[in-house]
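Reader: I am new to this structure and would like to go through it step by step. Could you show it to me before we begin?

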Amino acid sequence: MEEELAQGVSYLITRGHSLKEVLGYSFRQMNAFIELANKEERKAQSAIVWCARVAYHADGKEYSNIIKELDK
């Protein structure tokens, strides 16, 4: 239990929460924030995979256009 709690605290800190904030969260809040952070991380990973796939098939000009679209 203590190890899982420490991992959760560490994970939230790496996602931008301060230690002071995390220590003030209830277990329910902590779990909710971890779940949200996991969803955001999966979205980001999905975008990276999509970019890699598109870039693999894109020529230089297409690749530049894709990057410009993502930077908006």
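Author: Before we start, one definition will be needed: a residue is called buried under 20% relative accessible area, exposed over 50%, and partly exposed in between. Please keep in mind as well that this is a predicted model.

Reader: With that definition in hand, is Y63 buried, partly exposed or exposed?
Author: Y63 lies in helix α4. Its relative accessibility is 39%, and the middle class runs between the cut-offs of 20% and 50%. Y63 therefore counts as partly exposed.

Reader: Which residues form a nonpolar patch on the surface, and what is their accessible area together?
Author: Y63 is one of the residues of this patch, and W50 is another. The element that gives the most to the patch is α4, with 3 residues. Together W50, Y63, I67 and L70 have an accessible area of about 380 Å².

Reader: How many helices and strands does the protein have, and how does its radius of gyration compare with the globule rule?
Author: From the N terminus on, the elements run α-α-α-α, which amounts to 4 helices and 0 strands. For 72 residues the globule rule gives 11 Å, and the radius of gyration is well over that, so the protein is more spread out than a compact globule. Its C-alpha atoms fill a box of roughly 50 × 20 × 15 Å along the principal axes. The radius of gyration asked for is 18 Å.

Reader: What distance separates the end C-alpha atoms of helix α3, and what span should its residues give?
Author: Helix α3 covers residues 27-57, which is 31 residues. At 1.5 Å a residue, these should span 45 Å. The distance between the end C-alpha atoms agrees with this expectation, for it is 45 Å.

Reader: Which residues of α3 are buried, and what covers them?
Author: In the protein, 18% of the 72 residues count as buried. Within α3, the buried residues are M30, I34, A37 and V54. What covers them includes α1 (2-14), α2 (19-24) and α4 (60-70).

Reader: How many salt bridges are there, and which residue meets R15 in one of them?
Author: Side chains of opposite charge can pair when their charged atoms come close. The count here comes to 2 salt bridges. In one of them, the N to O distance is 2.7 Å, and the partner of R15 is E41.

Reader: Why does the pair of R15 and E41 tie together parts that are apart in sequence?
Author: The side chains of R15 and E41 meet in a salt bridge. R15 lies in the loop between α1 and α2, whereas E41 lies in helix α3, so the parts tied together by the pair have a sequence separation of 26 residues.

Reader: Where do E40 and K43 lie, and how far apart are their closest N and O atoms?
Author: Both lie in helix α3, 3 residues apart, about one turn of the helix. E40 counts as partly exposed at 48% relative accessibility, while K43, with a relative accessible area of 54%, is exposed. In the salt bridge between E40 and K43, the closest N and O atoms are apart by 3.4 Å.

Methods:
Residues numbered from 1 in each chain as written. Predicted model: local features only at pLDDT ≥ 70, side-chain atom pairs only at ≥ 80, totals over all residues. Heavy atoms only, no water. Helix = DSSP H or I, 4+ residues; strand = E, 2+ residues; numbered from the N terminus. Expected span 1.5 Å × (residues − 1). Buried < 20%, exposed > 50% of the residue type's maximum accessible area, 1.4 Å probe, protein only. Contact = heavy atoms within 4.5 Å. Patch = residues over 30% accessible without salt bridge, like charges linked within 9 Å, V, L, I, M, F, W, Y side chains within 5 Å. Areas by Shrake-Rupley, 256 points an atom, 1.4 Å probe, with all protein chains shown as cover. Salt bridge = Lys/Arg side-chain N within 4 Å of Asp/Glu carboxyl O. Rg over C-alpha atoms; globule rule 2.2 N^0.38 Å.
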